[in-house]
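Hi,

Here is the structure I promised to pass on. Have a look at it first, and then read my notes on what turned up.

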Amino acid sequence: VETLDRGRLGLALEVKRLEIRRRVQSAFATVLYGQRVIQSRAEDVRIAENGVAVAQARLAAGDAIPAEVGQAEVELGRARLEFEQAASRRAQAIEALVTAIGDPTLRLESLEGALEGSLALPTLEALATRLEQGPFIAAAEADIAVQRARIELADSQRIPDVSLELLYRRVGDVENTVDVGVRVPIPLFNRYQGSIREARADFVAAEARARSARNELTLELQTSYRTLARATAAATLLRDEVLPGAENVLRSAETRYASGDISLAELLPIRRDWTRVRLDYLDALQDVMQAWAALSPYLY
């Protein structure tokens, strides 16, 4: 029983290690996402600052009215506010990361990494095989083995232990004698029936826990896999088709605005659409990273 229980505890330790790794990997991805959002918002600020400069130049040339300059300045203020909000969310994400690592006093200024990881999907069958071979299922099966051994232990305790007793003594002044005895306890009241019933109940409970764990892990694996597939498809579409188109539209609109062909009111929705597409792409990449984090226990 002790040997099997030691093995079970070793598997439980490995499960905890993988769970901590998953939490750290998830928090790490959130910080990377926050850094990319800050970069995107900084680009929005730069574009808004350029917009104010262009509006002021057009006003000086007589091609714009003061209200248009004011509108450009409002847009700049909005971009700066969103940048500050993104910086605040990133700071919160760093706090969550160092807590997941286990050292809240750790100071992190930035992380080295990229959201654009592998967008290739493993097969669900391969992940299911790794799940069956991994420590999560093994820990549940080890618990069953421990409880089965405890039934055998409780059952064996019904049979009393036979002990041999040796007693040396002297008879008179010259004779040495050795008495030999055999002790056989006869259990009249304690037949260990309670211990046996308890061990069998624990065994049934361990089997139920193993079935529940297998079902929950399978469901979690399938859900994470579907999330990964959906996020990967979205990120690929945004990267290959939507983002390039949005960038071309924005460049054309900025050029037309600088030359006076369109107004700022016509340009701003195009800028915001471009920002929204970039953020949608980052959201999709974060979903990919989070899904990979959820699948990480089945990949090592």
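H1 and H4 cross in a left-handed sense. This is a predicted model, by the way. The axes of H1 and H4 come within 9 Å, and the crossing angle is roughly 160 degrees. With anything over 145 degrees counted as roughly antiparallel, that makes H1 roughly antiparallel to H4. On the H1 side the contact uses Leu4, Asp5, Arg8, Leu11, Ala12, Glu14, Val15, Leu18 and Glu19. H4 answers with Pro135, Phe136, Ala138, Ala139, Ala142, Asp143, Ala145, Val146, Ala149 and Arg150. Sorted by class, the contact of H1 with H4 has 13 nonpolar and 6 charged residues, with no polar ones.

Next, H4 (residues 135–156) against H5. Their axes are 8 Å apart and the angle is about 170 degrees, so H4 and H5 are roughly antiparallel to each other. The H4 residues in this contact include Phe136, Ile137, Ala140, Ile144 and Ile151, along with charged ones such as Glu141, Arg148 and Asp155. Among their H5 counterparts are Ile196, Ala199, Phe203, Ala206 and Leu217, plus Arg200, Asp202, Glu207 and Arg214. The contact of H4 with H5 divides into 12 nonpolar, 2 polar and 10 charged residues. Phe136, Asp143 and Arg150 of H4 are listed in the contact with H1 and again in the contact with H5.

How do H1 and H5 run, and at what angle do they cross? The axes of H1 (residues 2–61) and H5 (residues 193–258) come within 15 Å and cross at roughly 10 degrees, which makes H1 roughly parallel to H5. H1 passes H5 in a left-handed crossing. From H1, the contact takes in Arg22, Ile47, Gly51, Val54, Ala55 and Arg58. From H5 come Glu220, Leu250, Glu254, Tyr257 and Ala258. By class, the contact of H1 with H5 has 6 nonpolar, 1 polar and 4 charged residues.

Last, the aromatics. The count of aromatic pairs is 0. There is a charge over a ring, though: Arg278 lies over the face of Trp274, at 3.6 Å from the ring centre.

Cheers

Technical notes:
Residues are numbered from 1 along each chain as its sequence is written. This is a predicted model: local features need pLDDT of at least 70, side-chain atom pairs count only at pLDDT 80 or more; totals for chains, interfaces and linings use all residues. Side-chain values use heavy atoms; hydrogens and water are left out. Rings of Phe, Tyr and Trp (its six-membered ring) pair if their centres lie within 6.5 Å; planes under 30 degrees apart count as stacked, over 60 as edge-to-face and the rest as tilted. A charge sits over a ring if NZ of Lys or CZ of Arg is within 6 Å of the ring centre and within 35 degrees of the ring normal. Axes are lines fitted to C-alpha atoms, for helices over the stretch in contact, and angles run from 0 to 180 degrees between N-to-C directions. Helices (H or I, at least four residues) and strands (E, at least two) are DSSP runs, numbered from the N terminus. Angles under 35 degrees count as roughly parallel, over 145 as roughly antiparallel, 65 to 115 as roughly perpendicular and the rest as oblique. A crossing is left-handed if the near helix is turned anticlockwise from the far one by less than a right angle, and right-handed if clockwise. Contact means heavy atoms within 4.5 Å.
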